[in-house]
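Hi everyone, thanks for coming.

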Amino acid sequence: MDSNIKSVGVLTSGGDAPGMNAAIRAVTRAGIFNGMKVYGIYRGYRGLISDEIIEFKTNSVSNIIQQGGTMLKTARSSEFLTEEGRRLAYENMRKHDIEALVVIGGDGSLTGAGIFANEYNIPIVGLPGTIDNDLSGTDTTIGYDTALNTIMQSMDKIRDTATSHERLFFIEVMGRNCGYLALNSAVASGAEAAIIPEISIEKDQLGELIEQGFRKSKNSSMVLVTESEVTGGAIKLAERVKTEYPQYDVRVSILGHLQRGGSPTAQDRILASRMGIAAIQALMENQRNVVMGIRENEIVYVPFKRAIKKDREISEEMLNVLRISSI
Ligand code: ATP
């Protein structure tokens with residue numbers, strides 16, 4: 001069980017997500033607790049290439065657990081997509097004697113981590129940091145619960161105006177090709193429907209909703225839409241309603257980046273703390289190329305290749321809950 005790893009670097013990459021700070025804190029403290037040197041790498045892979053690397057002590061991560069965003073900053077790095085970029089990154093790791101990495105990010109960051117790990121035989125462990133909840137092999141990701149709560153609170157406010165003006169609202173949320181945020185926030189906020197990529201690809205969800213007359217008995221309607229090429233997005237859907245069904249008073253609200261911000265919920269802080277400590281544990285067990293996941297409230301190790309596989313199915317049960325509870 002004893003690991004030979006004496007030093008570890010931690011970075012956040014891709015889109016920021018609430019709870020990343022709690023994860024950085026847990027990784028740092030667990031590394032130091034287990035006798036390792038811990039290095040904070042700023043601005044993701046970009047900072048690994050440009051040598052923005054600082055040794056962390058326990059108090060380097062004080063007073064951050066409650067903060068959204070990431071104190072390590074995050075970035076997208078086109079240089080890391082190249083062999084030359086990754087070579088520079090590896091040279092900086094050697095320069096600082098960093099033997100292993102913990103990468104906190106979404107599917108792109110983990111894809112890059114897998115390539116880098118294989119190229120240079122480096123132990124790398126990932127933490128799923130993304131509000132989209134679009135990784136496979138884990139029930140949830142760091143940041144998802146906070147984003148869900150932020151959307152729900154925004155929806156409660158939109159409902160006031162939707163009801164007062166008897167309007168139909170399309171509310172666009174993040175998620176890319178994954179409808180988890182839209183579907184679950186629709187249930188949590190009592191919305192009428194969620195137009196999500198997983199279903200839109202099979203059928204015309206909007207057409208079906210209109211055919212059903214939205215909620216005939218209600219004086220307002222709120223429909224969640226995942227921002228995605230497959231759904232077309234909220235603006236396109238609203239335009240379609242305006243031309244095809246002019247009797248509806250339609251409005252659009254795009255929640256945008258406010259979904260990413262804010263203080264993480266207790267659930268995200270706890271998840272990030274557990275996963276951060278588990279990541280160091282995994283390195284000590286000589287695990288590599290795995291992402292920390294959570295299944296049935298237990299931490300599991302998910303191989304990178306599995307985690308980034310886009311085969312996560314939307315829950316039939318949740319679709320049913322929305323369908324029945326919104327009649
Ligand atoms: P989010 O889901 O929030 O967008 P993400 O981690 O998926 O986060 P990306 O922009 O896709 O965000 O990826 C972040 C960074 O990971 C990229 O800027 C790049 O440096 C690196 N990366 C992504 N894909 C690869 C790849 N195929 N090879 C090497 N590096 C990659």
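Okay, start with helix H10, residues 266-284: this helix lies across strand S1 (7-12), S4, S5, strand S10 (290-295) and S11, running at about 135 degrees to S10. Contact means heavy atoms within 4.5 Å. For angles, axes are lines fitted to C-alpha atoms, for helices over the stretch in contact, and the angles run from 0 to 180 degrees between N-to-C directions.

Before going further, a caution: this is a predicted model, where local features need pLDDT of at least 70 and side-chain atom pairs count only at pLDDT 80 or more, while totals for chains, interfaces and linings use all residues. Residues are numbered from 1 along each chain as its sequence is written, and side-chain values use heavy atoms, with hydrogens and water left out.

Now, the sheet under that helix. In what order do the 7 strands come? The order is S3-S2-S1-S4-S5-S10-S11, in an open sheet with mixed pairing. Strand S3 (53-56) and strand S11 (298-303) are at the edges with a single partner strand each, so one side of each has no neighbour in the sheet. From one strand to the next, the twist averages 30 degrees. By pairing I mean that DSSP finds at least two bridges between two strands. Take S4 (residues 100-105) and S5 (residues 124-128): they run parallel and are joined by 5 bridges. Look for valine 102, which stands opposite valine 125 in S5.

There's another open sheet, with 4 strands in the order S7-S8-S6-S9 and parallel pairing. Its edge strands, S7 (193-195) and S9 (250-254), each pair on one side only. Here the twist averages 25 degrees from one strand to the next. S7 and S8 (residues 221-226) pair in the parallel sense over 3 bridges, and isoleucine 195 stands opposite valine 225 in S8.

Let's zoom out. The chain is divided into domain 1 (7-143 + 264-307) and domain 2 (144-261), with bounds from an automatic or database domain assignment. Their centres, taken over C-alpha atoms, are separated by 33 Å. Across the two, 18 residues of domain 1 are in contact with 14 residues of domain 2.

So where is the largest pocket? Both domains give residues to its lining, so the pocket lies between them. A pocket, on a 1 Å grid over the protein atoms alone, is an open set of points with protein on both sides within 12 Å along at least five of seven lines, and lining residues have an atom within 4 Å of a point. This one holds about 620 Å³ of space. Of its 30 lining residues, the closest to the centre are Gly14, Gly15, Arg76, Gly108 and Arg176. Helix H4 (residues 107-120) gives the largest share of the lining, 6 residues.

Last stop: the structure also holds 1 cavity of 30 Å³ or more. In a cavity, a 1.4 Å probe fits but cannot get out. Among the residues lining the largest cavity are Pro128, Leu135 and Val302.

Definitions and conventions
Helix = DSSP H or I, 4+ residues; strand = E, 2+ residues; numbered from the N terminus. Points joined across faces, edges and corners; volume = space filled by probe spheres on them.
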